[in-house]
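Me: Can you walk me through this one? I'd like to go helix by helix and then look at the loops.

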Amino acid sequence: MCTSTGLVLLSLCVAHVLLYWTAACLLLPRGVHVASIYAMHKHSAHRVLYNQLVVNLIFLGPIAPWLASSDMGTAWHVASLPAVLVLLEAAFYVAHRAMHAVPWLRRFHAVHHEWHKTLPFSALDCHPVEHVVCNLAPVVLGPVLLRWSLPHAAVLLGVATLNTVWAHRSGAEASHHSRHHLDPRGNYGISATTDRLFGTLLRVDTRE
Ligand SMILES: [Zn+2]
Ligand SMILES: [Zn+2]
């Protein structure tokens, strides 16, 4: 990897950290202070930072030069966006369902499921193996296969990050993913559509 690509990747990882923690703090319940949440969940916060600053760089380092070498234009990125999103949804569903179905993978996923009721910053609180398999690989699969550029892939990772923080926001017991934390027998996909397709959709009680 050349120096400029390495610096771009490092900058993107730092931007990813800032984006994640800003969104996580903004979505905290009213009256809850960041310092008190940090004091209560220090170990979880450190796991998130390890995933963001160490695992991200180790996993994305070898992929970044391939993305940086892309000379595809904006029109290609717009045209291939639906395919990238379908690949993301499919890969996440398969990876997440495998995390529940395969005993030795379930051990890794148990870390994330320590959160029965979620907080926004619990989105990336998981074992590094899960972070690679569920959070990073599904997002970069489409961009790698369809020759997306590094900045476009970084924007996709940023949007995916905001989406997962939103899915874990406080008081979201009625949301698709928060329902999964309360009852892990279904709702494995990012969207309800995939779960409906494969018969794993759990009813979300919107009265709560
Ligand atoms: Zn979760
Ligand atoms: Zn799960």
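**Helix packing and loops**

Reply: Let's begin with α5, whose buried residues pack against α6, α7, α8 and α10. Helices here are DSSP runs of H or I with at least four residues, numbered from the N terminus. This is a predicted model, where local features need pLDDT of at least 70, side-chain atom pairs count only at pLDDT 80 or more, and totals for chains, interfaces and linings use all residues. Residues are numbered from 1 along each chain as its sequence is written, and chains are lettered from A and ligands numbered from 1 in the order in which they are written.

Me: Which residues of α5 are buried?
Reply: His 77, Val 84, Leu 87, Leu 88, Phe 92, Tyr 93, His 96 and Met 99. A residue is buried if 20 or more other C-beta atoms lie within 10 Å of its own, exposed if 12 or fewer, and partly exposed in between, with C-beta atoms placed from the backbone.

Me: And what span does α5 reach, first C-alpha to last?
Reply: α5 has 28 residues and reaches 39 Å, close to the 40 Å expected at 1.5 Å a residue. The expected span is 1.5 Å times one less than the number of residues.

Me: Where does the kink in α5 lie?
Reply: At Leu 81, shortly before the proline Pro 82, and the kink is about 45°. The bend at a residue is the angle between axes fitted to the seven residues ending there and the seven starting there.

Me: What about α7, where is its kink?
Reply: α7 has a kink of about 45° at Ala 137, shortly before the proline Pro 138. Pro 138 is one of the buried residues of α7, which also include His 131, Cys 134 and Gly 142. The cover over that buried set includes α3, α4, α5, α6 and α8.

Me: How do α3 and α7 cross?
Reply: Their axes come within 11 Å and cross at roughly 65°. That makes α3 roughly perpendicular to α7, a term for angles of 65 to 115 degrees. Axes are lines fitted to C-alpha atoms, for helices over the stretch in contact, and angles run from 0 to 180 degrees between N-to-C directions.

Me: Which residues meet there?
Reply: From α3, Asn 51, Val 55 and Phe 59 meet Pro 128, His 131, Val 132 and Leu 136 of α7.

Me: Loops next. Which residue with positive phi follows α7?
Reply: Arg 147, with phi near 60°. Arg 147 is not a glycine, and it sits in the loop between α7 and α8 (150–167).

Me: Is Asn 187 buried or exposed?
Reply: Asn 187 is buried, with 25 other C-beta atoms within 10 Å. Its phi is positive too, near 60°, and Asn 187 is in the loop between α9 (176–182) and α10 (192–197).

Me: Last one: what is Leu 27 in contact with?
Reply: Leaving aside neighbours within four places in sequence, Leu 27 is in contact with Pro 120, Val 165, Arg 169 and Ser 170. Contact means C-beta atoms, placed from the backbone, within 7 Å. Leu 27 lies in the loop between α1 and α2 (34–40).

Key:
Helices (H or I, at least four residues) and strands (E, at least two) are DSSP runs, numbered from the N terminus. Two residues are in contact if their C-beta atoms, placed from the backbone, lie within 7 Å. Angles under 35 degrees count as roughly parallel, over 145 as roughly antiparallel, 65 to 115 as roughly perpendicular and the rest as oblique.
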